[in-house]
Amino acid sequence: MDTAFDAVTVGRHTLRNRVVMAPMTRSRAHGPGAVPTELMATYYAQRAGAGLIVTEGVQPSAVGQGYLNTPGLHTAEQVAGWRRVTDAVHERGGVIFAQLMHVGRIAHPDNTAHGSAPVGASAVPAAGTIVTPTGPQEFPTPQPLDAEGVRATVADFVAAARNAVDAGFDGVELHGANGYLLHQFLSTNANRRDDEYGGDPTGRIRLVVEVVAAVAEAIGADRVGLRISPANPYNDIAEDDHRETYLALVDALNPLGLAYLHVAEGADTEFTPVLRERWAGALMLNPYTPGAWTGPEALKLVERGDADLVSYGALFLANPDLPRRLAGGGPFNTPDYTTAYGGGHEGYTDYPALPDQG
């Protein structure tokens, strides 16, 4: 029986354990240019004991940014900044993937240097508000991607993936979940297109398949993962036929031989075993825990064979040495959400690790 503390091969990498640091936006790329900082290098290096670190969402292009102070991977300065991060993680024996996240309609012109309207699958604004320099504002109506825009978006993901390799990342995770651009194309409310990228599941999965295939061809499928969140309504997403859609997506992606599929589980927990059975490769699971965070009990998912890896968000935020704490049964620091976004070292690099046992 495998445990979460056994090594596992994922793509071209052998991970020392199966405890993954999930991607978490932290909004600490302060200053011009959305460049990663030395503080970010410290933060990720502290958590290098993870079998795999998946970074916060990183915009593959300027138009892909939605939130304030999030880092990019589309300029030389950003690549150099990320190189400091990956070097720091590798010095501690860690493995780190960059999560490439194009937010699509979950954006506001006031949060970007270019000040342009966001793009999306269709001209359908998301319900709700986003934090801007002048306070919360409603999401604007996105500009639908035309044929040229779709091609440019695929190319942006490819360029960012190549930049990730140049920056020393061990691979990339493509963010197809949580209501961002790729998820918007999968959905039945944000995507109202009547061209080949809309309509039935075959059309709505097309952009995701094209992005994944192009990135896999560019840097090797064995260092590419995809994150999905079936039936997750976050960021005003509806998926009226999520089972049909995601089974079609899995069938289309299986031949590529990706490193892993990362499932951010939604309320339809009975669908997860179906995906597990259908997916040919390694499956990473962030289990559905409404009103709480993923805890030690999730380790049993690996022991039961429900997943190959388990990803932790909040507990990894507060416990830089989380695999060690999980192996010892705790104790666990409590996450402080008041310091989760923006700011400096407080609530970021000042969470204590367990003392070394001499």
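Tutor: Here is a walk through the pockets, with a stop at one residue at the end. Keep in mind that this is a predicted model. Let's start with the largest pocket, which has a volume of about 1,300 Å³. Its lining is made up of 45 residues, and those that lie nearest the centre are Pro23, Met24, Asn178, Tyr234 and Tyr341. Sorted by class, that lining has 25 nonpolar residues, 17 polar ones and 3 charged ones. The largest share comes from S7, with 3 residues.

Now move to the second largest pocket, where about 230 Å³ of space lies. Here 15 residues form the lining, and Gly33, Ala34, Gln65, Thr112 and Ala113 lie nearest the centre. By class, the lining of this second largest pocket has 10 polar residues, 5 nonpolar ones and no charged ones.

Last stop: Val19, which sits in strand S3 (residues 19-21). With a relative accessible area of 1%, Val19 falls under the 20% cut-off, so it counts as buried. Leaving aside residues up to four places away in sequence, Val19 touches a set of residues that includes Ala4, Phe5, Leu52, Leu299, Tyr312 and Phe316.

Terms used
Residues are numbered from 1 along each chain as its sequence is written. This is a predicted model: local features need pLDDT of at least 70, side-chain atom pairs count only at pLDDT 80 or more; totals for chains, interfaces and linings use all residues. Side-chain values use heavy atoms; hydrogens and water are left out. On a 1 Å grid over the protein atoms alone, a cavity is a set of points where a 1.4 Å probe fits but cannot get out, and a pocket is an open set with protein on both sides within 12 Å along at least five of seven lines; lining residues have an atom within 4 Å of a point. Grid points are joined across faces, edges and corners, and a volume is the space filled by probe spheres set on the points. Helices (H or I, at least four residues) and strands (E, at least two) are DSSP runs, numbered from the N terminus. Ala, Val, Leu, Ile, Met, Phe, Trp, Tyr, Cys and Pro count as nonpolar, Asp, Glu, Lys and Arg as charged, and the others, Gly among them, as polar. Buried means under 20% relative accessible area, exposed over 50%, partly exposed in between (1.4 Å probe, protein chains only). Contact means heavy atoms within 4.5 Å.
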